[in-house]
Amino acid sequence: MTLLWIPLLSLLGSIISSMTGKLTRNQSTGLTLLMPITALLMTISLAPAVFSGEVIRSTFSWIPLLGIDIAFRLDGLALLFVFMILVIGILVIFYARYYLSSNDSMPKLYAYLMLFMTAMLGIVMSNNVIQLWFFWELTSISSFLLISYWWHKAEARNGAIMALTITGGGGLALLAGLLLLGNIVGSYNLDIILASRDIIQAHDWYEVTLILILLGAFTKSAQFPFHFWLPHAMAAPTPVSAYLHSATMVKAGVFLLARFYPALAGTDIWFIIVSLTGLTTLLFGAYVALFKHDLKGLLAYSTISHLGLITLLFGLDTKLAAVAAIFHIINHATFKASLFMATGIIDHETGTRDMRKLNGMWRFMPYTATLAMVAAAAMAGVPLLNGFLSKEMFFAETLHQQLLGSMSWLIPVLATIAGAFAVAYSARFIHDVFFNGDPIDLPKQPSEAPRYMRLPIEILVVLCLVVGIVPNFVIDDILKSASFAVLGGYVPEFEVSLWHGFNLPLLMSAIAVSGGLLMYTQRHYLFQFHASLPSLNGKKLFDNSISALTNWCQVKINTIENGSLQRYLVLMFVVVLFFAGWPLFEMNQLSGQKPLTPVDVHNAMGAALLMIGAISTVIWYRTRVISLLMLSVVGLMVSIAFTRFSAPDLALTQLTVEVVTVILLMLALFFLPQNSPKESSSMRVLRDIGISAGLGIVIASICYALITRPLESISDFFLANAKTGGGGTNVVNVILVDFRGFDTLGEICVLGIAALGIYKLLINLPLYIPATDSEGRPWAKERYPVLLASISQSLLPLALLVSFYIFLRGHNMPGGGFIAGLVTAVAFILQYIAHGSNWIAERLTIKYRKIIASGIAIALLTGVGSWFFGRPFMTTWFEYFDIPFIGEIELASALVFDIGVYITVVGSTLMILASLGKLTANEPANAPSKEVNI
Amino acid sequence: MELLYASSVGVLVSCGVFLILRSRTFPVVLGLTMFSYAVNLFLFSSGRLSLNQAAVLGTSTEYADPLPQALVLTAIVIGFAMTAFVVILAIRGRTDLGNDHVDGQVPDKNNHNNDNNNKVKV
């Protein structure tokens, strides 16, 4: 349980810090720090158990059917990362308090940082790979938000988009890889996956899975050739760079390598891909870093290079290499985060990060300079500092591998060269910035940074020193337990210490340091050489490919989507025609085995009327009123068809809906032209006739093929259980309110939403009321017929009674909420027609919006009610009661649900019609228009 | 009779599709309504045609299939809501755009003056 609290606290922190806008900066920082510090204390309390070899787990079942749980686990590796994430996170938040200028929104940065922290904690602690992937994507998104923190700068936006594209694309590959992995193993649980090494590596899909997962890891960890997003991500505020782009997020990729090391590593393909990618990145990053004039650019490429080093270590085929990799993850995080923070101070105090301008800073900020120099020395791998130790281990491991057969000696040689470049760029960082003459037109007069802005750097630099001098005391436990997790239980004997005697790695270090210094002193030649190289510009490549892709898509879109609805519809209908028609040609026989029913004269007449109605609608479609009348004939025949084919509920519904629809369309015609102009060319009409005839034939054939085949239905279940389980004999109604009540709830919601949408569409509608009809005749003056008014008024109670009766009997006889609602609505609409909406508005003050809302609420609460009896949502209850004088009656909770349906239907229908109707009721301009309650 | 039923559905589909393909909003609304009749009849027929059979339990041993009926019942009501939405959208479009063409503007063959100002007000 404690385990869940660690990411949860950080998420809470994100929410809390987003609400600290009104507080002072110190208060805001303090509040934000509260949560990660608590989480850190919790982690510390868990640490002894993890060190003793225990794996702490905490699982909540979520979607067991898909194998997706909310599952957390804390082993040595996770613990190490949790520590790193929390400690550096806390320092960065503290640092950012001094870094941000008063124009920048602090709550925004903190909220994003804490969100990112949550995502990182989620990645390292997940025990379910799908959940891991979720948090993985969350880091991409929060990183996007953080890079674009200064959204007004174009470079920030571009950098953010590029980072999101690359890491997001990698994330998709990772998802595919993890899904494959889960498929191979048969579980998404990380424990099971890590224990299934043999199954995974013997599987045919192993290579594909591996490459997909590696793609995810390499994009995140900025490995060559995906490295180029990282330098552009440096447009982020420096605390963000320190946290995301050096210490944590880019480490997520190498974390993934470490996490799946027990399951995926050990094969030739792993070694080849991982080590060569790492080696290339190591060399490339170290080389480019030397030539960057921007301080953050130098650090970015240095980070790429170090990430390459870690990747290379995971790719070497010795156990100790993995230990060295973990060790270097820790060391790199400490010295690189402190270097970024120092860079932030320099940028903050001088206004530039250009090393051609920054010189002689030693005089202005000696404290910061000292700190930065120690950290840079650690980056170079100078003895007495942590960077030296892991680099030493790295050199030693490059000597122990046999990856390239007889050419294996190449790897230590190249490693030494990369080491020399690392020394050279570290030397440049120190010498160029802090010494090397005087500053050249700085935007600001430099001075020492505020006292507490240096504090986080001091802590990290002390860590570098302590780890570098007495590694055994500080790092042993956590390194051993993390290695234990990565190597799957077996940890080789190793000793991290400062002095191993005179040996080959020490010689390599010595060569690297002296070679690097030599390189730095002779840098002019190197700069000239580099300037003569053709520039390999990853950003340009990226931009070009993106714009080529979007252009290609745009061209395709323009050809398909030309803005003509008719054209889209024709395309869609043709596609439907093809795919629905094609199988018919492959079918042997259209009619099935079911004996045909003979045609009787009533049905033949009905069908004839229906077809005549339909065809007439088309023939007179330009004269809209006639067309509408013909359509109503069709609707009437459809409802008669329902009666004929034993569906009384449907017939009642269709009949009432028909009335409402025709009234609605009549009203609509008032606002629309009375006639359609002749527009289509004969060719187009011919084409449309062809398509519609084709579709008609295909659908008719399918329909015929369907109804002439015997039926195997699941309806027997409903028939058997309607009375015993649902307490009603009208099976259709029992299905609606009981068996499939959840569907019905959704459907009345749709109804309500449609009504609200209509209400919204009609608000502020600029009135467009024609004074005459299309032939120039003025509308009738007698607005409300007296006869209708008086009859309808006396008819209302009767209609309400009928609808009440239909409603009550619905559970056992044809009827129910839908039909009763429609009947009631029709009764009210008749009042509207007879009296006009102003007359109704004076008498009926309730708003239809409230009616709809209460209807849905009643239905929903009926469903919720069953929870109080320990039953699943929407379980119905019914009982028979014997009441004196009335007799036995049945009470069912489904009846309450049906009341909800009834109210929603009444509210929605009236809202739709009355909203439109009230527009017609507005008097001509001189009369005061009344606000009508809808 | 199955043949008659199927051809009725086919005719409704044809007429509906033809109207949907027209260029003005009102015929399209009529077409959609007609098309939804066809769809409802089609769905309903998936329970097979049964003349004079019982709809309520306890009155017979043979029953019409209740499941498609339940599905179609809600489909009718929602179909109405959708028709209503589309027709109101058409009215709004006419008022805002000044014409009732489905694309919001009349193709510029002979209507140059009043319909080319296709400024969409939202």
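Start with the interface: select chain A and chain B together. About 8800 Å² is buried between chain B and chain A. Carbon and sulfur atoms give 77% of that area. Why quote an area at all? The size of an interface is often given as the accessible area lost when the parts come together. Keep in mind that this is a predicted model.

Next, select the residues in contact. Chain A brings 109 residues to the contact, and chain B brings 78 residues.

Now look for charged partners. How many salt bridges are there between chain B and chain A? The count is two. Zoom in on Arg22(B) and Asp688(A). Their side chains form a salt bridge, 2.2 Å from N to O.

Widen the view to polar contacts. Between chain B and chain A, 18 residue pairs are in polar contact, both residues at pLDDT 80 or more.

Color the helices of chain B. Which of them supply at least two residues each to the side that touches chain A? They are α1 (2–20), α2 (25–45) and α3 (66–97). Select α3(B) now. With 24 residues, α3(B) gives the most to the side of chain B that touches chain A. That side of chain B holds 51 nonpolar, 17 polar and 10 charged residues.

Last stop: the cysteines. Select Cys15(B). Is Cys15(B) buried or exposed? Its relative accessible area is 7%, so Cys15(B) is buried, because buried means under 20%. Then select Cys553(A). At 32% relative accessibility, Cys553(A) is partly exposed. A disulfide is a covalent bond between the sulfur atoms of two cysteines. Searching the whole structure turns up zero disulfides over all chains.

Notes:
Residues are numbered from 1 along each chain as its sequence is written. Chains are lettered from A and ligands numbered from 1 in the order in which they are written. This is a predicted model: local features need pLDDT of at least 70, side-chain atom pairs count only at pLDDT 80 or more; totals for chains, interfaces and linings use all residues. Side-chain values use heavy atoms; hydrogens and water are left out. Contact means heavy atoms within 4.5 Å. Buried area is the accessible area (1.4 Å probe) that two parts lose on being put together, summed over both. A salt bridge is a side-chain nitrogen of Lys or Arg within 4 Å of a carboxyl oxygen of Asp or Glu. A polar contact is a pair of N or O atoms within 3.5 Å; within protein, one must be able to donate a hydrogen and the other to accept it, and residues adjacent in sequence count only if both atoms are side-chain atoms. Helices (H or I, at least four residues) and strands (E, at least two) are DSSP runs, numbered from the N terminus. Ala, Val, Leu, Ile, Met, Phe, Trp, Tyr, Cys and Pro count as nonpolar, Asp, Glu, Lys and Arg as charged, and the others, Gly among them, as polar. A disulfide is a pair of cysteine sulfur atoms within 2.5 Å. Buried means under 20% relative accessible area, exposed over 50%, partly exposed in between (1.4 Å probe, protein chains only).
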